[in-house]
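I shall go through some ring pairs and then a helix contact.

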Amino acid sequence: MIAVWAGAFFAVAASGAPAAAQYREGTPEVLAAPARAPNMRAAQETRSADDYRRAGSPRIVVFWNRELSDRIANDYDTVLTDRGETAVDTAAEVSRNGRYAEGALVTTRDREVRLGRREVEDDRRDSLLDESREWELLEAFQSRLQSNGLVLVDRSLAVRAIAAAEGGPADKQTAEMRGIAGLADLMMTLTQTGAPDAPLGIRFKITVTDLDSGQIVTTLVAEGEGPPRGPGRFVAGANGFEREQPPALDAAQAGANLASDLMMRLAGKW
């Protein structure tokens, strides 16, 4: 009898019948799991990427830790460099002018003088992150943008390519403007400032500008935190169950969050 009942049970379970049909009559129905809320952030980011492609995938030159200066040309100082070597030796004989005798210590100096030029001011700003964490943030930021199809142009290459061309400008400011205007459609500047209350101790400002019109497309000021996080699940702690604390924000996650925030801000503005 037991074997017959077990066989009937497994036959019903394997029959593919609805879950409610597998319970005894008269028992409350098991509630279905609630539908997950749609990921509006991902949808907005995808919409921005689609807008970017419809706009013709404009090329974006990246100014990392620097801004476009309003100086027309670079200022230079004339530098006088005096390099010399000093040697001390013992005289082998009396000098012709009688200034020193045999056995005296004689000092000789070879002097070389060079004239050169030195740039007075540079537009690069000092990073508030150590080099390792800055690389992590930069990689995550650029990778997130490129995964959405954005075309990024290296500023240094744009400057050098124009300066190296035949008849190219020797002044860096002129080469910079010609280079970015020739190889890009938009300019993105990302700068930092100290913010003691921020997770990384830094607040970032990102500005995107249209190079043809000079119009500011958008400006984002953020700390890389990303979307607000809900309360963590309950886990066993030293004094009973307690809320699980989210992991500390690292440079890589901050970079990805900044890129995501920027994509959302640019939706409908490409």
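Trp64 and Phe141 are both buried, a term that stands for under 20% relative accessible area, with exposed meaning over 50% and partly exposed the range in between (1.4 Å probe, protein chains only). The model is a predicted one, in which local features need pLDDT of at least 70 and side-chain atom pairs count only at pLDDT 80 or more, while totals for chains, interfaces and linings use all residues. Residues are numbered from 1 along each chain as its sequence is written, and side-chain values use heavy atoms, without hydrogens and water.

How many aromatic pairs are there? The count is 2, where rings of Phe, Tyr and Trp (its six-membered ring) pair if their centres lie within 6.5 Å, and planes under 30 degrees apart are stacked, over 60 edge-to-face and the rest tilted. Tyr52 and Trp270 form an edge-to-face pair, at 4.8 Å centre to centre and 70 degrees between the planes. Tyr52 is buried at 0% relative accessibility, whereas Trp270 is partly exposed at 22%. Trp64 and Phe141 form a tilted pair, with 6.0 Å between centres and 50 degrees between the planes. Trp64 belongs to strand β1 (residues 59–64) and Phe141 to helix α3, so this pair ties together parts 77 residues apart in sequence. Helices (H or I, at least four residues) and strands (E, at least two) are DSSP runs, numbered from the N terminus.

Phe141 of α3 is also one of the residues that meet α6, contact being heavy atoms within 4.5 Å. Asp261 lies in α6, residues 251–266, and is in contact with Arg41, Leu220, Ala222 and Gly226, leaving aside neighbours within four places in sequence. Asp261 counts as buried, at 17% relative accessibility.
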